[in-house]
Amino acid sequence: MRKRLCSYVLAGSLLFSTAAPFAAAAETHTYRRTHTRAYKKRARRKTVKRVGIGAAGGAAVGALAGGGKGAAIGAAAGGGAGYLYDRHKKHEGQP
């Protein structure tokens with residue numbers, strides 16, 4: 001009898017301890033924080049993509065025009081141009 005009572009108490013406490021975090025999670029407001037984090041991550045990814053494409057394009061043109069040193073200068077110029085393009089797009093309201 002005592003063993004059965006202990007097992008019921010243990011089962012009930014396990015049941016209620018797993019249900020409590022779900023109830024607590026429903027009350028908190030995590031949507032805004034997760035949404036903001038995802039938005040910032042997407043915006044950062046777009047920035048890296050825009051700068052990277054600009055740098056790659058500049059390096060390709062620089063390599064065709066002036067070899068290795070021209071590729072380095074073209075990559076720097078293309079990366080700067082990509083960053084300016086990104087700032088322009090973000091000013092318009094696009095991430």
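Visitor: Among contacts in the chain with a separation of 6 or more, what share comes from residues 24 or more positions apart?

Guide: Residues 24 or more positions apart account for 59% of the contacts in the chain with a separation of 6 or more. Please bear in mind that this is a predicted model.

Visitor: How many helices and strands does the secondary structure of the chain hold?

Guide: The chain has 2 helices and 0 strands. Glu 92, by contrast, is found in the segment after helix 2.

Visitor: How should I read burial, and what percentage of the residues count as buried?

Guide: A residue is called buried when its relative accessible area is under 20%, and exposed when that value is over 50%. In this chain of 95 residues, 16% count as buried. As for the surface, the accessible area of the chain is about 7,700 Å², and carbon and sulfur atoms contribute 67% of it.

Visitor: Let us turn to charged side chains. How many salt bridges are counted?

Guide: The general idea is that side chains of opposite charge can pair when their charged atoms come close. In this structure, the count comes to 4 salt bridges.

Visitor: Which residues are linked in a network of salt bridges?

Guide: The network links Arg 50, Asp 86, Arg 87 and Lys 90. Asp 86 forms a salt bridge with Arg 50, with the closest N and O atoms 2.8 Å apart. A salt bridge also joins Asp 86 to Arg 87, at 3.5 Å from N to O. With Lys 90, the closest N and O atoms of the salt bridge to Asp 86 are 3.6 Å apart.

Visitor: Is Asp 86 buried or exposed?

Guide: Asp 86 is classed as buried because its relative accessible area is 0%. Arg 50 has a value of 16% and is therefore buried too.

Visitor: How are Arg 87 and Lys 90 classed, buried or partly exposed?

Guide: Arg 87 has a relative accessible area of 39%, so this residue is partly exposed. Lys 90 is also partly exposed, because its value is 26%.

Visitor: Why are Lys 90 and Asp 86 separated by about one helical turn?

Guide: The reason lies in their spacing along the helix: the two residues are 4 residues apart in helix 2, so about one helical turn separates them.

Visitor: Which side chain does the side chain of Glu 92 join in a polar contact?

Guide: The partner is His 88, and the polar contact between the two side chains is 3.1 Å. Glu 92 counts as partly exposed because its relative accessibility is 46%.

Visitor: Finally, consider Ala 75. Which residues does it contact, leaving aside neighbours within four places in sequence?

Guide: Ala 75 is in contact with Ala 55, Gly 58 and Ala 59 when those neighbours are set aside. Ala 75 has a relative accessibility of 23%, and so counts as partly exposed.

Visitor: How many residues apart in sequence are Ala 75 and Val 61, and what is the distance between them in space?

Guide: They are 14 residues apart in sequence, with 8.7 Å between their C-alpha atoms.

Methods
Residues are numbered from 1 along each chain as its sequence is written. This is a predicted model: local features need pLDDT of at least 70, side-chain atom pairs count only at pLDDT 80 or more; totals for chains, interfaces and linings use all residues. Side-chain values use heavy atoms; hydrogens and water are left out. Buried means under 20% relative accessible area, exposed over 50%, partly exposed in between (1.4 Å probe, protein chains only). A polar contact is a pair of N or O atoms within 3.5 Å; within protein, one must be able to donate a hydrogen and the other to accept it, and residues adjacent in sequence count only if both atoms are side-chain atoms. Contact means heavy atoms within 4.5 Å. Accessible areas come from the Shrake-Rupley method with a 1.4 Å probe; for residues, only the protein chains shown count as cover.
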